[in-house]
Amino acid sequence: MSEKRSGVFGKLRDAVKQVTYGMALHSQVTGVLKTRMYIEHLFTLMILGDMLGLPILPPYYSLRLLPYTIPSIKSWKHRFYRERDFTDIIYG
Amino acid sequence: MAIHNTPFTLVAIGLLIYALAYWGYSRAIDRKIWQPDPARPTPAHMYTDGVEFFPVGRYVLYGFQFNSIAALGPILGPGIALIFGWLPAFLWIIFAALLIGWVQDYSALFLSVRNEGKSFGPLAYELIGPTARKLLLGFLLFYFLLINAAFIFVVAVVIDVFPSSFWSLLFLVVAAFITGHLVFNVRMNILAVTALAIALLVVGIVVGTLFAWPPPGSLTLGGKPGSPYTLWLVPVVIILLLGSLLPLPRLITPMNYIAYYPVIVAIIALTVGALASPLTGIELAVPAFKGFEGTFGSGPLWPALFVAIACGAISGWHSLISTGISSRQLDVETDARPVGAGAMLTENTVGLTALAAWVVLAPERVSPVIFPQGATKLVAPIAGGEAAAPFISTFFSIYMVFMAITILTILGRYWRVVMAEVFSGTSLSILGNKYVASVLGFVLPIAFVLTGSWINIWLYFGGTNQLLAGFALTIVAVYLLQQRKSASYSLIPGIFMMITTLAAIAYQVYVFTVATSQAMLLHPTQNILKEAAGIGAVQAVNGFSVVVGVIMFILGIAMFALLLKALSRAKAAAVKPAQ
């Protein structure tokens, strides 16, 4: 979101803008992020497949692509190991 | 004109009570029971992953929570409750707003925040036991079936009476495809795309109203407008299947985004229309009280009233949203009240303004199509008068259709994932197949629709919806007792809702059983099925509702028993209060 405004009207304008974003777009953004998350999971699996015993890509390409995976490994591990339940997937 | 006999009075008193609920009761509970600490890290900070867990400002989350919980429940429930007069409906809405509705949304949100952002399933597993999670899974499966049935029924009859709304819906679908393509593929500026989408929607309303083809009831078997035995069901189910099967950004994401704009305009228009009623001369047309007995289909005031008005008073769906999504994005604990309680009280306002639209007409028979007519009567005097009335009625009919379609497409996706969860690895794994599950999710509910009796379907849906709310309230009480905190503010409404809803489901099972065993028609429209396929087909349709009702009742009783056990265990547990 943009920088916070000062003054009563500025704050009110900010609040209305944020509520509008929350109502109109936030669930859509969350849904798109989740779609991206699943694609990233697939990408990570392809790159790290060797370590799991799944030779999906030849090691040469895995190593070339590894730097692109490294930044998201931490959050991937967190999501991967977290218990998932049917009540977690209302928005995809 | 007496001001007390206008919708203004209902809305004004209601808003005062809501203010009391937010700034009085909810603040007291917040301070005394949950004691939010702005310094305590929330799951959004502890487990930030940028996808599910990330901090979001309170205003954004409030808007998101409200948008996620708003559906047809608060709009249609008051219509059935008018069987008992407007006063019981009004009293239940404000009573629930003060003591029950926000309690569930806010407490479920806080419960999840204090438990690592866990959703309803893991919370039930942890606080009650493994059987509770299995029961919940089965319960949700039938719950979705009933929501789909109730909403598909409404869409079918509204389109049947207002065919203009179908063409507007078609414009929405086309606009959604175009928007999805322009935003995600062409990467066009969102403001320009929004302007284009809204322009298409306006064109849809105008074209739909002027085109007005075919005449109402012409696609209905039997030819009587307003019957659910309509061929409109076919294109509606096709649109729902597309939404359920296509990738989210292709249809659902842009469709829900565009549909937001007419929905918010409708809510504002209804509120202004109700508050302006002393000036426009619109009066209450429904008697204040008609008696406790109700009809054979509805049953007596208790328990029918308390399940008829669902989301406008309290709804179990909200606990799924509070625990599954919002709790993972709460920035600080002190935001829980504006997000959980604030969004619910806004939803209560939607229920109140919907009641205002229902009470200005006095129809012979309760039907979903009364709402757009009442809303038009309420709003037309401040928005162009008689000349604009046809456009306004199209607008309010698409308001209902959009509210239903947007939630149905999401439920369709959810349903097929739950089906896959239930049937994968079993001999019936074909039922978990993406295509088979999607078709079943929208075709099975049509068996309910063919009962022709909106009241019974709605009360079934309301019963299961409020029962889920009862579960959520009691699970919160179990947690609070484990923490040695006062739980009565959540436990009493929870027990009340569970007993009431189980009674309501039991009564509806009785109604369907009588109809099945005595070869009785639940609604005159079932004559069409009787003439086409014989009384056996009518009994089969009604019997299907009996089976589903019995399963829901058994699951509900089993869950109730588990919750009571968990409550007694929690009382005996010696857990130190959370620091």
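## Contact between chains A and B

The contact draws 32 residues from chain A and 36 residues from chain B. Contact requires C-beta atoms, placed from the backbone, within 7 Å. On the side of chain A that touches chain B, α1 (8-48) and α3 (73-81) of chain A each give two or more residues. Here α1(A) gives the most, with 19 residues. Helices are DSSP runs (H or I, at least four residues), numbered from the N terminus. This side of chain A holds 14 nonpolar, 13 polar and 5 charged residues. Ala, Val, Leu, Ile, Met, Phe, Trp, Tyr, Cys and Pro count as nonpolar, Asp, Glu, Lys and Arg as charged, and the others, Gly among them, as polar.

## Model and numbering

This is a predicted model: local features need pLDDT of at least 70, side-chain atom pairs need 80 or more, and totals for chains, interfaces and linings use all residues. Residues are numbered from 1 along each chain as its sequence is written, and chains are lettered from A in the order in which they are written.

## Nonpolar core

The largest nonpolar core has 226 residues. Such a core joins buried Ala, Val, Leu, Ile, Met, Phe, Trp, Tyr and Cys residues through C-beta atoms within 7 Å. Helix α8 (residues 130-161) of chain B gives the most to this core, with 22 residues.

Ile93(B) is among the residues with the most contacts inside the core. Leaving out residues up to four places away in sequence, Ile93(B) touches partners including Gly14(B), Ile309(B) and Leu355(B).

## Pro524(B)

Pro524(B) sits in the loop between α21 (488-517) and α22 (526-533) of chain B. Pro524(B) is partly exposed, because 13 other C-beta atoms lie within 10 Å. The cut-offs are 20 or more for buried, 12 or fewer for exposed, and partly exposed in between.

Conventions. Two residues are in contact if their C-beta atoms, placed from the backbone, lie within 7 Å.
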